[in-house]
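Thanks, everyone, for making the time. I would like to walk through one structure slowly, beginning with the whole chain and ending with a few side chains.

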Amino acid sequence: MTGHVRAPCRARCSRAGARAPGRTLARCARLGASQMVREPPTLSAIIGEFALTFGPPEVRRKQLQHLLELSQRSKVQVLVVPRSAGLHSGLQGAFVLATLPASRRAGYVDDQLQGRVVTDGGDLDQLEVSWEIVSGLALPVQPSRDLLQRAITDHD
């Protein structure tokens, strides 16, 4: 799960063995993201159902509640790809796509070794294709919220 939707406790646990998400923000700032319009950006996050079941129970519960709260915001959409979707391109690793001022694009790809900013047009096009494939497999907004709520309830 990328740092953009992690609850603070989940982010702290992740940093023990991974890069800090703040480095991503610093890199994006150099690309011009710091000049974004002052209103909150629109955020669409797609999470595999499998990710809802991992981690220490107390951390997982807080993370699930955080995701459910985020999904209630007007400019945030949290979608869940059900297990039944099987293998798909989204399983290759987490990534972020951003539309910057003046319609410039940037991406961030996270793998087991390192994260990297992506600015090459061809690479961004490939990430957008992956995004479209994965978003097509995801449940709509309300069924995704229902699944998050069930995961919280099942946790208790």
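This is a predicted model: local features need pLDDT of at least 70, side-chain atom pairs count only at pLDDT 80 or more; totals for chains, interfaces and linings use all residues.

Among the contacts in the protein with a separation of 6 or more, 71% are between residues 24 or more positions apart.

As for the elements, the protein has 5 helices and 5 strands, and if you follow them from the N terminus on, they run α-α-β-α-β-β-β-β-α-α. Of the 156 residues in the protein, 33% are buried, while the accessible surface comes to about 9500 Å², with 54% of that belonging to carbon and sulfur atoms.

Now let me turn to the surface itself, where V129, I133 and L137 form a nonpolar patch that has, for the three residues together, about 230 Å² of accessible area. I133 sits in helix α4, which covers residues 121–137, and because its relative accessibility is 42%, I133 counts as partly exposed, given that this class lies between 20% and 50%.

Finally, the aromatic rings: how many aromatic pairs does the structure hold? There is 1, formed by F50 and F54, whose rings are arranged edge-to-face, at 5.9 Å centre to centre and with 65° between the planes. The two partners fall into separate accessibility classes, since F50, at 51% relative accessibility, counts as exposed, whereas F54, at 48%, counts as partly exposed, and the line between those classes is drawn at 50%.

How values were computed:
Residues are numbered from 1 along each chain as its sequence is written. Side-chain values use heavy atoms; hydrogens and water are left out. Patches are made of residues with over 30% relative accessible area and no salt bridge: like charges are joined within 9 Å, nonpolar side chains (Val, Leu, Ile, Met, Phe, Trp, Tyr) within 5 Å. Accessible areas come from the Shrake-Rupley method with a 1.4 Å probe; for residues, only the protein chains shown count as cover. A salt bridge is a side-chain nitrogen of Lys or Arg within 4 Å of a carboxyl oxygen of Asp or Glu. Helices (H or I, at least four residues) and strands (E, at least two) are DSSP runs, numbered from the N terminus. Buried means under 20% relative accessible area, exposed over 50%, partly exposed in between (1.4 Å probe, protein chains only). Rings of Phe, Tyr and Trp (its six-membered ring) pair if their centres lie within 6.5 Å; planes under 30 degrees apart count as stacked, over 60 as edge-to-face and the rest as tilted. Contact means heavy atoms within 4.5 Å.
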